Amino acid sequence: MLQEYRNILVPVDGSYGAELAFEKAVAIAKRNESHLHLVHAIDTRAYQDVSSFDNSIVDEITDKSKKRLEKYVQTAHEAGLEDIDYSIEYGAPKTIIAKDLPHELNVDLIIMGATGLNAVARLLIGSVTEYVTRSATCDVLVVKTNLKNELIPERQLGKQSN
């Protein structure tokens, strides 16, 4: 019996690892005729300690995220996937990805890159991917290879994609 996934969540942050996860997620969603939900979780806690905190910082990040997510949706449509949407969430990415969205969206699979953009935060407070794999109540696929299953060097995984 094959496992079928109906609701797939893919966190994207502009990193190469997230790009690989997105590509694999599209392929899996097409095979399973699944709904694909993309999310960019903006960690607003990082800006709370800035004395001159200005909403324009979050607005700028939100605008960039929206444009990136819309490109992902267009790419998925071009690949033949129709059942796709996205959201931009604010708060603690770990909790949003591992607990909040899976519960709200009835997610049965999370597909994410092995590492994201923020190496400093990963060293200080731990990887979002590591937390999600430990805490999510659904299956988690951690992507380390491209669509040809070629291992991507660790130094490339942390780079931002265009």
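**Close-up 1. Helix α2 of the predicted model.** Helix α2 has 24 residues and spans 35 Å from its first C-alpha to its last, close to the 34 Å expected at 1.5 Å a residue. The expected span is 1.5 Å times one less than the number of residues. Helices (H or I, at least four residues) and strands (E, at least two) are DSSP runs, numbered from the N terminus. This is a predicted model, in which local features need pLDDT of at least 70 and side-chain atom pairs count only at pLDDT 80 or more, while totals for chains, interfaces and linings use all residues. Residues are numbered from 1 along each chain as its sequence is written, and side-chain values use heavy atoms, with hydrogens and water left out. The buried residues of α2 are V58, T62, S65, L69, Y72, V73 and A76; buried means under 20% relative accessible area, exposed over 50%, and partly exposed in between (1.4 Å probe, protein chains only). These buried residues pack against α1, β2 and β3, where contact means heavy atoms within 4.5 Å. An α-helix has 3.6 residues a turn, so residues three or four places apart point the same way. After α2 comes G80, with a positive phi near 100 degrees.

Close-up 2. In β1, 5 of 5 residues are buried. In a regular strand the side chains alternate between the two faces of the sheet. N7, L9 and P11 point one way from β1, and I8 and V10 point the other way. β1 and β2 pair in the parallel sense over 5 bridges; two strands pair if DSSP finds at least two bridges between them. L9 has H37 of β2 as its bridge partner.

**Close-up 3. The largest nonpolar core.** A nonpolar core is a set of buried Ala, Val, Leu, Ile, Met, Phe, Trp, Tyr and Cys residues joined through side-chain atoms within 4.5 Å. The largest one has 25 residues, of which I8, V10, L36, L38, I84 and I111 touch the most other members. Two or more residues come from each of β1 (7-11), α1 (16-32), β2 (35-42), α2 (55-78), β3 (84-90) and β4 (109-113). The most come from α1, which gives 8 residues. Leaving out residues up to four places away in sequence, L38 touches V10, F22, L69, Y72, V73, I84, D85, Y86 and S87. A second, separate core has 14 residues, including V107, M112, V132 and C138.

**Close-up 4. L101 in helix α3.** L101 is part of helix α3, and its relative accessible area is 3%, so L101 is buried. Beyond four places in sequence, the contacts of L101 are L9, V39, S87, E89, I96, N106 and V107.

Close-up 5. The buried residues of α5 (residues 128-135) are T129, Y131, V132 and S135. They lie on the same side of α5 because they cover an arc of only 160 degrees around the axis; the arc is that of the directions from the helix axis to the C-beta atoms. Among the elements covering them are α3 (93-105), β4 and β5 (139-143). S127 sits in the loop between α4 (119-125) and α5 and counts as buried because its relative accessibility is 16%. S127 caps the N-terminal end of α5, with a side-chain oxygen 3.0 Å from the backbone nitrogen of T129. A polar atom of the S127 side chain also lies 3.1 Å from the backbone nitrogen of E130. A polar contact is a pair of N or O atoms within 3.5 Å; within protein, one must be able to donate a hydrogen and the other to accept it, and residues adjacent in sequence count only if both atoms are side-chain atoms.
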